[in-house]
Structure formats: C-alpha cells, structure tokens
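Colleague: I'm new to this one and would like a quick tour. Could you put it up on the screen?

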Amino acid sequence: MLVRIRSKDGNFRFELNPKDDISKLVDKILETTQGADPSSITISNQPRGNETPVSRLKGRTLQSLGLKHGDMVFVGYKSGPLSAPPGAETADSSQPVSSAPHSATNVWDRVQEHPVDLYWRQRDGKIPRNRDSRFCKHGPNGMCDYCMPVEPYDAAYQAEHSIKHLSFHAYLRKMYPKTSSSAAQALPPLTPTSYKVKVPCPSGGHPSWPAGICTACQPSPITLQSQPFRMVDHLEIASQDIVERFLQAWRATGLQRFGWLIGHYEPYEKVPMGIKAVVEAIHEPPQEGELDGLTLGLPWDDEPRVRELAQSAAVPLTIVGYIFTDLEPTAEDRTKNVYKRHSQSFFVSSLEAIFAATVQNAYPTPSKSSTTGYFGSRMVTAVLSASEDGQVDISAYQVSEQACAMVEADMIEASVEPGIVRVKEEDRSHESARYVPDVFYRYKNEYGIDVKKSAKPCFPVEYLLVNVTHGFPQNPTPLFRSTNFAIENRPGLEDQHLENLLGSLNQLSVSAQGNRKLSNRVELAKWLSDWHLVVFLDSTQLLSKSDIKNLIRMVTSPGLTEDPKSLDALVKTEGWQTLMTFAHESAASQPSTSHKDHDIPQEIFDQIAAEEAASREVGTKSRARICPHCTFENDHSGSDCEVCGLPLG
C-alpha cells in the first residue's frame, strides 16, 4: 500500500506492506530527515493535535494502527545533538522502550474513569426504532433502513426531540474512526483545547516566548462557535427541601448565598448516552454575602475533608457543581423578585462565566479518549434567580471548552456590561507574558446573512455557554432524609453548637440492646441522616474516622427507614457508646427540670428565663429618665437628652 508522509522536510511517498512493523515506517521517516532525534518522532492523523510518539507504538503493525492505502501521516520531530546512521538511532531509541510494557507508556491507558463512563463504554448507545407501517414492507421479524437502530448522534433524532447538544459519549462515538477498535485505542480522538504559546517552540529555531514566536508555537486564530456536545446533560436535585433549606438564609437576611453541590453522576436515559448530575446536599463554604453579590474564599480549606467524607457514603458522592442566588425583591411587591436574566439582558454574566471556567479547569474529567488523560469537566453552574412571573427558578449551565482554554491562557476578562466579555490586550513583558491571537465570532445580521466579526475588544458571553436541563424527580428518594440540622457557616443565623447536638441526641438515643420502641429508632435514623449534621459531627472529632465513615454509610443506605435494625452495627461501636456518654452527661449537667418536664415546650423555659433576666434589670431601669419629647430612656445624670438634645426637666 502507498503511505504518504508530511513533515517540515516536505511530502514523501513510500510503498509499505500493511503487516509491516512501525519500525519500518520510522526508518523511512529517518531517511527523509537530517539530524532528527528518533526518540522525539511523533505521528498524527491530522495536521495539529493527536501527536503520538512512535516509541509508544513499538510492536504495532501499520494495519493495526488503521493505516490504509493513500493515508496521510503527519510527522513531527526535534533535531538531535549528533547525526548518526538511521539504523543506530533506531536501535538506541528502542532500548528504553523495551524495558517498559506498552500499556504503561500510554497516559490514557492508566486513567481510572468514572463508573458512568464505563457504563456507556460497554454499550453501543444506538437508538431503537419501531417498524414503520408506511415504508417497512418486511415481516415483524425483519429490519430495513426505516426501522433499524440509528446512531446516538443522529441529527434527525436530535432535531425531533429538541436536543441542542450531543451527550459526551455520543460525541465520542461520532469522533471515533470507523476502522477498527485497535486503531481507536492507539490514537485517542480528543485533544484538550489550548490557546497558550508552546514553550519551548517545537521548531527550536528561536528563543522561547516572549523573546520570540513563530507559526509553529503560536496558537491559531480562534473562531467562537456553539459547542456541539456537553459533559453533563441534566441536573437533578434529589428533593425540593434541599433548595428550600438553601433559600432560607436569603429569605432571612436578603444577602446572596453560595453553596457547593454534593451528589453523584448517573446515566440519563432521556438523552442518547446521556449523563445527569444528582444533587443530594448543598454545602455552604465560608462566605460574606451582600445584597448584589458575595465574597468567596478560594481555595476552599475544608474541601479535602468534605470530599473524603462524601466518598464514604453508601453511594459515593463528590462535588458535582455549585449554586448561588441572584435574587432582588421588587419594590412594589416584596413577595416577587426582579426578572433580570432573560434573552434581552443576559443569562450568565461575564464574571460568572469566567468563574465557571476557572472551576471547570480545576476539576477536569478523566477520560481514556484524550491524549492527556483528561478532557472537559462535569462541574455544573446552577443559578437561583427570578422567573418572568417573579418566582424563584433554577437555571443550569456549563461553559465551553473554548471558554476554559481562553481563561487558562488569560485572554479574557469581565466587563462592566454583564453580557459582554472583554478580550485582553497582548502583553510581552516577562512577568506577565500574554499572547492573544485573532478572535472571531459569527452571527446573522438583519438580512439573515452569516457574518464573521472580530471579537476584539469584546463579544457576547452567550458564545461561551452550554445549556444544561434541570428538574426534580417525580418520586423523590434522597440519600439524606433530613435537612433540619443547622447549616454550616451561617453565623448569627444558624449556629452549630455541640450542646444542642448532644441534647437532641440524648432525647432520640436508643440503647445498644434495643429496648426502646422501633418508632424511636426510625426517628433517630431520620435525624442522623442529615449531611450538615454528619459534617459537623466529623469536625468535633468525637468519633474516629472509621466510625464517621460507618455513620455516613449507614445513614445513606437505601433501607434505613424500612429496617429499624439498620443502626444496630452503629450503636454497638465503641465510638457511639462514648458519644452517648457525652450526651447523657451533658444533659445531666444542664440546669434542666426533671424528667416529668420533657413534655413542656422549650419556649416556656425560654420565656421564664427572659422574665427572670428582666426582673434583675428592674433596679437599673428604674433609675432611667424618660425624655418627654422623644420618649428615649436616659440613664445618665445629665440634664439633656442623648438623642434629641432637649432638656429632660
């Protein structure tokens, strides 16, 4: 067969046998080069991207790599320090490779993918179709072009079901070559987008950036376009109580709030080969809310502990995204909110899009289909804002791979107008070197003509967004059955106190022998099944790490409330017995009444304590003088009022 080679030395053709080893192709390549370093030779099936070192392909035949008659192979290499005969270079370059197995050399082969990715890789994802009574002329057991299953990326199916973006795995099926599985494994179809200058330059003919730049190391011009796929297709919140509990802080203070979404990923059958993020809890980090925004500290210091705790649940959990509020009550009706996010203004501001890209860059998704072992991110951005009728509604988004690459290259920044992204100026200083290539975007003008326009100095933020659907399940079955415990990092609004936890635990506790009623056990199980309670209990260090992991695994088990004996293993542990001892001693040391007063509401005791405190202050208040003009109580010995300044006489 004829194989074409293209390198910086020119175009070449070679006659090779499909069963020839890759080393023969390397020998032919070395014959066309001068002073090439054999260990640096890379081949690819496209001019830029998917470069694979030939040293990783030792022992493979040309046929196993998917090469056919007339195929073009793009070759890159670096110049070696010394020029040696091709045979000697090939022998030297093969020595270090032979000491390591082939599977260990590929980065993507060592990647541990998420279980939902493994689920879809084991399935073809084809969409079944019923027999068409108009066009199918065969029997019930036959099949034709009108009723055979279609690929998950079928454009007609996407348009019929109003699916704007392909799922990630449907996009992979579209990108993979249709030759053989071995060829697909040899060259992954995806390469993460990068707009950074290559340092050092692959050509090696000039100093590295910012001292020099050429076409080999500079990024290509960028044309912004809608991303054809999305990493997450649907955001599902396990229970409405999760959102209502999160909104309580805003309703009480009017200040905006931020929270990390704790959940897991599952297959989403409503989209071909789809993936959904299921939110089981919202964890609120330390923050300072304001009326029109908030201040958040990153990196988040408590993140490793929270992630480790979430992984120990019955269904391993992780951080699947974040949520924040953008609510402003209307002046006419305080029960309704200002409708500010719509098609005529913006859906996600430029500052929020840049923050989303920063978060997605920090949490990449492992993938065997990428040359680097990572591609994209499944972090979802959720916004609680007002709908058109003034009610609170949820919107979910991601930003495109182009947005993440532009943020990573420090090319864009937020502007005063929330719906506009500003492109930064090029900077060649050594301290903050920044190369900004030409950026364009396409749109249809008033005549319906497709126009290509420069994105400098600014462009609409919509070119960076990817829509994600959202919703609630019809039959909620959340992992955490309760949301009543005080939420973390709400000082002054909801304070988490150890005394309150021990007091509630003492009232709901069950003995290790199980002498209490089964209903009390179910009530205790529901009370313990609270994300915020488990996280706070872990921070107190009253239970060991192993006991905390057992606790969260038990309180998130599916049969927690159905099986009253599910807590038997927990209450028999030494850590739980120690915790119950603290709870009983704490309850005994408090100045509470006897056991006969357990039915008296706590509000009665609070009222009695308030009256006693008021009676002790009668002596001091009796000395106060009331101003006859403004009725302010003055407790000083002066002759004028402290507020209005008029005489007290």
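This is a predicted model: local features need pLDDT of at least 70, side-chain atom pairs count only at pLDDT 80 or more; totals for chains, interfaces and linings use all residues.

Colleague: Which residues are they?

Modeller: Arg305, Glu308, Leu309, Asp538, Lys545, Ile548 and Lys549 line that cavity. Two elements, α9 (303–311) and α15 (545–555), each give two or more residues to the lining.

Colleague: And how much space lies in there?

Modeller: About 50 Å³. The count of cavities of 30 Å³ or more comes to one.

Colleague: OK, on to the strands. Is β15 mostly covered or uncovered?

Modeller: Strand β15, residues 380–386, is mostly covered, with seven of its seven residues buried.

Colleague: What does β15 pair with?

Modeller: Strand β14 (residues 318–326) runs parallel to β15, and six bridges join the two. Strand β16 (residues 392–399) is also joined to β15 by six bridges, but that pair runs antiparallel.

Colleague: How does the chain get from β14 to β15?

Modeller: The path goes through helix α10 (residues 350–362), and this β-α-β crossover is right-handed.

Colleague: And what do β15 and β16 form?

Modeller: They form a hairpin with five residues between them. In the turn, Gly390 has a positive phi of about 90°.

Colleague: Which residues other than glycine have a positive phi?

Modeller: Met273 is one of them, with phi near 60°, and Asn489 also has a phi near 60°.

Colleague: Where are they, and are they buried or exposed?

Modeller: Met273 sits in the loop between β10 (258–268) and β11 (274–283). Met273 has a relative accessible area of 3%, so this residue is buried. Asn489 is in the loop between β22 (465–471) and α12 (498–508), and counts as partly exposed because its relative accessibility is 32%.

Colleague: Last topic: where are the cis peptide bonds?

Modeller: One joins Val199 and Pro200, with omega about -5°. Pro200 lies in the loop between α7 (181–186) and β7 (222–224). Another runs from Lys456 to Pro457, with omega near 10°, and Pro457 is in the loop between β20 (450–454) and β21 (458–460).

Technical notes: Residues are numbered from 1 along each chain as its sequence is written. Side-chain values use heavy atoms; hydrogens and water are left out. On a 1 Å grid over the protein atoms alone, a cavity is a set of points where a 1.4 Å probe fits but cannot get out, and a pocket is an open set with protein on both sides within 12 Å along at least five of seven lines; lining residues have an atom within 4 Å of a point. Grid points are joined across faces, edges and corners, and a volume is the space filled by probe spheres set on the points. Helices (H or I, at least four residues) and strands (E, at least two) are DSSP runs, numbered from the N terminus. Buried means under 20% relative accessible area, exposed over 50%, partly exposed in between (1.4 Å probe, protein chains only). Two strands pair if DSSP finds at least two bridges between them. A crossover is right-handed if, with the strands pointing away from the viewer, the path from the first strand over the helix to the second runs clockwise.
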